[in-house]
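Please open the model in a viewer and keep the sequence at hand.

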Amino acid sequence: MVRAWILTDEKRLTPKYITLEEVYKNSGVEYYQIDVKNDYENDQLLKNLIDERDNHHIGKVENLDDNDLLEHVTEHFHEHDEFRLVLEGCGYFDIRDKYDIWVRIELFPGDLIVIPGGCYHRFTVDDKDSYKGLRFLKDYGYQAYKRPNDELGARKDYMRRLYNGAYD
Ligand SMILES: [Fe+2]
């Protein structure tokens, strides 16, 4: 069961968990499950998502050194959707929701999330030596735009979609 919770500054004894439906509604972040133990490269759901969104630029996220970790943990967005699939270990994806609040999503092998273009996010791992994952982006326009970059069209379009109920 995938867990997502709100990262608040206030001191809480327990995390404020939210459902994946709430995550989607407040950010447009999608969640899927892929069977990574069996020939996942031919998984029909994964193939369909890649073709549908034209995300054929596949990168391995593993053997992370301090520079990689710093890059991943720096808040940014892309112009287009980014997929992240966990193969081994545990990864934490933090995404900024509609209210600019951090929501942390804890992912294990087989978990795939789609982060919409224009949505600020960052990533970290439980243990850098055991984490292995993949990211899927477009062959064009996979650049990361660090915060603040609110004037970019992709960011404005995303905010428009969020506030016009595109994910309701
Ligand atoms: Fe990213």
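**A guided tour of the model**

Begin by selecting Asp100, which is found in the loop that joins strand S7 (91-96) to strand S8 (102-107). The model is a predicted one. Asp100 counts as exposed, because 7 other C-beta atoms lie within 10 Å, and a residue is exposed at 12 or fewer. Display the backbone here: phi of Asp100 is near 65 degrees, a positive value in a residue other than glycine. Asp43 and Asp100 are 57 residues apart along the chain, and their C-alpha atoms are separated by 34 Å.

Proceed to the open sheet. Select its 5 strands, which follow the order S3-S9-S6-S11-S4 with antiparallel pairing. At the edges are strand S3 (30-33) and strand S4 (57-62), each of which pairs on one side only. From one strand to the next, the twist averages 20 degrees. As a general point, the strands of a sheet pair through backbone hydrogen bonds, in a parallel or an antiparallel manner.

How many of the residues of S6 are buried? The number is 5 of the 7, so S6 is largely enclosed by the rest of the structure. Show also strand S9 (residues 111-115), with which S6 pairs in the antiparallel sense over 4 bridges. Within this pairing, Leu85 stands opposite Leu112 in S9, and Arg84 has Ile113 of S9 as its bridge partner. Then show strand S11 (residues 132-137): S6 and S11 pair in the antiparallel sense over 5 bridges. In S11, the bridge partner of Arg84 is Arg135.

The next selection is the largest nonpolar core, which has 27 residues. Which residues have the most contacts inside this core? They are Val29, Leu85, Phe93, Ile95, Ile105, Ile113 and Cys119. Two or more residues are given to the core by each of helix H2 (44-53), S6, S7, S8, S9, S11 and helix H4 (153-163). In soluble globular proteins generally, nonpolar side chains tend to be buried together. Centre the view on Phe93. Leaving aside residues up to four places away in sequence, Phe93 touches Arg84, Ile105, Leu107, Ile113, His121 and Phe123.

Two loops remain to be visited. Select Asn63, in the loop between S4 and helix H3 (66-73). Asn63 is not a glycine, yet its phi is positive, at about 50 degrees. Is Asn63 buried or exposed? Asn63 counts as exposed, because it has 10 C-beta neighbours inside 10 Å.

Finally, select Pro148, in the loop between strand S12 (145-146) and H4. Display the peptide bond that leads from Arg147 to Pro148: this bond is cis, with omega near 0 degrees.

Technical notes:
Residues are numbered from 1 along each chain as its sequence is written. This is a predicted model: local features need pLDDT of at least 70, side-chain atom pairs count only at pLDDT 80 or more; totals for chains, interfaces and linings use all residues. Two strands pair if DSSP finds at least two bridges between them. Axes are lines fitted to C-alpha atoms, for helices over the stretch in contact, and angles run from 0 to 180 degrees between N-to-C directions. A residue is buried if 20 or more other C-beta atoms lie within 10 Å of its own, exposed if 12 or fewer, and partly exposed in between; C-beta atoms are placed from the backbone. A nonpolar core is a set of buried Ala, Val, Leu, Ile, Met, Phe, Trp, Tyr and Cys residues joined through C-beta atoms within 7 Å. Two residues are in contact if their C-beta atoms, placed from the backbone, lie within 7 Å.
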